[in-house]
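This briefing covers the strands, the helices and the nonpolar core of one structure.

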Amino acid sequence: MSQAVKEAFSGMRKNQGGPFGAVIVRKDKIIARGHNHVLITHDPTAHAEIVAIRKATKKLKRFDLSDCELYSTCEPCPMCLAAAEWAKIKKIYYGCTRNDAALIGFDDKKIYGDIKAAPKSKHIKEIKLAGEDFFGPFLEWVEKKNKKQY
């Protein structure tokens, strides 16, 4: 966890992003490090955990990180938690909570609230479209012989 904290300080002091750091550990060795890159990349998805996951998958040349653990300086936001789920990470260790983050202006609680909210009270309106052949790619995927499920 101390390396995740170092990452957080590094990125923040370079004005690359907020005060967040993360590391991915496999067999007791750090295989990837990341800090928040939102400001330097203008990418709202460049959170520390996402940066670390991307580096780890690139290094290991696979999307399955089920034999890895994630250490983050803060409780992952919903996006980062979902990314860890997609990467099949089984354990996440964190320091600060979403409430701690809210106290310094990072309100993940709003996003967590939107996920649980009724559709009419969400901040982003979701609209189901009809009329197009949206199922075409799904049907072809089902029949695809050389697909790799993830």
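The 4 strands of an open sheet follow the order β2-β1-β3-β4, with mixed pairing. β2 (29–35) and β4 (91–96) are at the edges with a single partner strand each, so one side of each has no neighbour in the sheet. On average, neighbouring strands are turned by 15° against each other, direction ignored. This is a predicted model: local features need pLDDT of at least 70 and side-chain atom pairs pLDDT 80 or more, while totals for chains, interfaces and linings use all residues. Residues are numbered from 1 along each chain as its sequence is written, and side-chain values use heavy atoms, without hydrogens and water.

**Strands**
- Strands (E, at least two residues) and helices (H or I, at least four) are DSSP runs, numbered from the N terminus.
- Two strands pair if DSSP finds at least two bridges between them.
- β3 (residues 68–74) pairs with β4 in the parallel sense over 5 bridges.
- Ser 72 is opposite Tyr 94 in β4.

**Helices on the sheet**
- Helix α1 (residues 2–13) lies across β1 (21–26), β2 and β3, at about 25° to β2.
- Helix α3 (residues 48–60) also lies across β1, β2 and β3, but runs at about 135° to β2.
- Angles run from 0 to 180 degrees between N-to-C directions of axes fitted to C-alpha atoms, for helices over the stretch in contact (heavy atoms within 4.5 Å).

**Nonpolar core**
- The largest nonpolar core has 21 residues; among those touching the most other members are Ile 24, Ile 53 and Leu 65.
- Such a core is a set of buried Ala, Val, Leu, Ile, Met, Phe, Trp, Tyr and Cys residues joined through side-chain atoms within 4.5 Å, buried being under 20% relative accessible area (1.4 Å probe, protein chains only).
- α3 gives the most to this core, with 5 residues.

Notes
Buried means under 20% relative accessible area, exposed over 50%, partly exposed in between (1.4 Å probe, protein chains only).
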